[in-house]
Amino acid sequence: MPQAKTGMKARRIREDALRYGMLFFICLVVLFPLYWMVITSFKTQRELFSGTQTFFPSNFTLTYYLDPLEGVLSTNSPFLGFFFNSMIVSFFSTMFCLIIGSLAAYSLARFEIKLNKNDRLSFFILTARMLPPIVIIVPMYLIMQQLGLLNTHWAMLIVYTGFNLPFVVWMMKAFFQEIPTELEESAMVDGDSRMKAFYKIILPLVGPGLVATSIFTIILTWNEFLFAMFLLNSADMMTLPPGIANFITQYETNWGSLTAAATLAVIPVVIFSFFVQKHLVKGMTLGAVKG
Amino acid sequence: MSKESLADTSTSSSVQLRNNKNKRFFKKNLLPYWLLLPTISILAVLTIFPLAYSIYVSFQRFNTFGEAVGFHGVNNYADVISSITFWNSLGITLLYTAGVVAVEMVLGLALALMVSKENKVMSYLRWILIIPMMLSPLVVGIVFRLMLNADFGIVNYMLTSIGLPAVDFLGNSLTAFLSIMLVDVWQWTPMCFLIALAGLQSLPQDPYEAARLDGASKWQILRDITIPLLKPVLIVALVIRTMDALRMFDQVFVLTQGGPGRATEVISFLMYRAAMRFSDFGFATAGLFMVLVVTILLSLIMIKLLNRTEKTGGY
């Protein structure tokens, strides 16, 4: 008996070693491209193009961040403008989305609505997310052209609010459904109106859900490229993704500036994603899987 | 849903009375509709209206300046159907989608099984494993373009340093196609992983104990218990990934611009090119409609699949 036990133990240790070894290798595969992006932004061009690749910059340089000509953080570079534009567009579209979407989500989660028999309405809302953006983009471009909104942040706010709404509605619906109805019912028995019960009781309870949803929406908006490229064409209006794409054509071989810009653009997202890990599943799957 | 929980609470008669009152209140009140109105109207304006508008555009003739110059009938559709580039793109897109989704599903499930154990190390590992999907696909494209560069890319450097020949990854039809697939797998396996993991963590424990008592092997448990129980969740991952892969654009834009030749010209990129470079909005919208039909058909099939497993499977 004891022999069998030690045999099993040895097997378990072997299995664990194999498992952690594989996971270590996978993490390396996941993190290496990011590491490579960051160190390339600190390398001199001569080092990058020299025959031997170095896994750590031998001449550490901040040229691509601070240099007045090549640095992305210098006032000559449009990068900070892109960053600022991305912040404005992400912030306001997320705010609109959350306000409008939470109301709809609350309605879908709490009321019996004839239109929503068998979740039909919810699915209609979901199909808007499934629509490939490229199908909408050409008419959207022509419509914005007619409205004179091409190359304005208004165009981006309208488009992003619309396209992130289904996501916000589905995610918030899942959060609202987790709260027992008895809570607001008892508040209503105490004489509060439904809206007052919503503000006083429900909203504080879905607080974490609201935060998670808004962070996701911000990330989605922050990363969006196709709409931004079609609808914005001057450097002072561009958000980060089309801005960085412009860098590719402008500085074809200036990998230092390009990776510096990419690094700075990625930092907020990586930080944000750390805070929403727990709610990730609900967000990415539109509440289809309990997270 | 509210209906069930209302029914659950109706134990005493007073509660019953109150709930009846509430129910009537819910039915008569227009509040739920007012709450839905902004969302529905925005979605209608931003999806149905542009769709209708693009049907109109798809029947128009456009000159080289991108101005509509008159009715063109179904000629745009005929142009699309008879264009070899369209069928080429559709084929590439479908092949690409099938390839990446299959690989991502298998890898994602395997990864989820590896980290499903609950401990501190695993929770950090999980965070690392999901980072790729949070990044902008554009940035990911740039980083891989740097790493896969034929002359100074790190991948070729590693290959040559262990004695293998250097590969012109993005300059060769087959390797360019495989490269964009590789980038997709790197970025989106985490999505499948995450969904599978969530499914794994919510599985009931009883069947596992029974199987363990029966002395089932690990492989048997995986094949006969885990995968069947996980099927509905895996279909969710399948649907989401398929939809996203069909519309993939950013990586191709950064990495290959559809080239070399037309080897990686996925459908979104072809239509982008038709619309933006050649101002042929009629051709682009007509082509996009046909893509939309394909997408809708595929998603209907998959949603049917999903509904069926939801009814039979006990998720």
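Which residues does B:Phe253 touch, not counting residues up to four places away in sequence? In this predicted model, B:Phe253 touches A:Phe225, A:Met229 and A:Ala245 of chain A as well as B:Phe269 and B:Tyr272 of chain B, where contact means heavy atoms within 4.5 Å.

Local features here need pLDDT of at least 70 and side-chain atom pairs count only at pLDDT 80 or more, whereas totals for chains, interfaces and linings use all residues. Residues are numbered from 1 along each chain as its sequence is written, chains are lettered from A and ligands numbered from 1 in the order in which they are written, and side-chain values use heavy atoms, with hydrogens and water left out.

B:Phe253 also belongs to the largest nonpolar core, which has 189 residues and in which A:Phe176, A:Ile244, B:Phe86 and B:Phe253 touch the most other members. Such a core is a set of buried Ala, Val, Leu, Ile, Met, Phe, Trp, Tyr and Cys residues joined through side-chain atoms within 4.5 Å. Helix α9 of chain B (residues 173-201) gives the most to this core, with 15 residues; helices are DSSP runs of H or I with at least four residues, numbered from the N terminus.

A cavity is a set of points, on a 1 Å grid over the protein atoms alone, where a 1.4 Å probe fits but cannot get out, and its lining residues have an atom within 4 Å of a point. About 60 Å³ of space lies in this second cavity, a volume being the space filled by probe spheres set on the grid points, which are joined across faces, edges and corners.

The largest cavity holds about 850 Å³ of space and is lined by 35 residues, of which A:Arg129, A:Leu220, A:Glu224, B:Asp244 and B:Arg247 lie nearest its centre. Helix α10 of chain A (residues 207-223) supplies the largest share of that lining, five residues.

Elsewhere, B:Thr242 is found in helix α11 of chain B (residues 218-246) and counts as buried because its relative accessibility is 8%, the cut-off being under 20% relative accessible area with a 1.4 Å probe and protein chains only. Not counting residues up to four places away in sequence, B:Thr242 touches B:Thr97, B:Val101 and B:Met302. B:Met302 is 60 residues from B:Thr242 in sequence, and their C-alpha atoms are 9.6 Å apart in space.

Note on methods
On a 1 Å grid over the protein atoms alone, a cavity is a set of points where a 1.4 Å probe fits but cannot get out, and a pocket is an open set with protein on both sides within 12 Å along at least five of seven lines; lining residues have an atom within 4 Å of a point. Helices (H or I, at least four residues) and strands (E, at least two) are DSSP runs, numbered from the N terminus. Buried means under 20% relative accessible area, exposed over 50%, partly exposed in between (1.4 Å probe, protein chains only).
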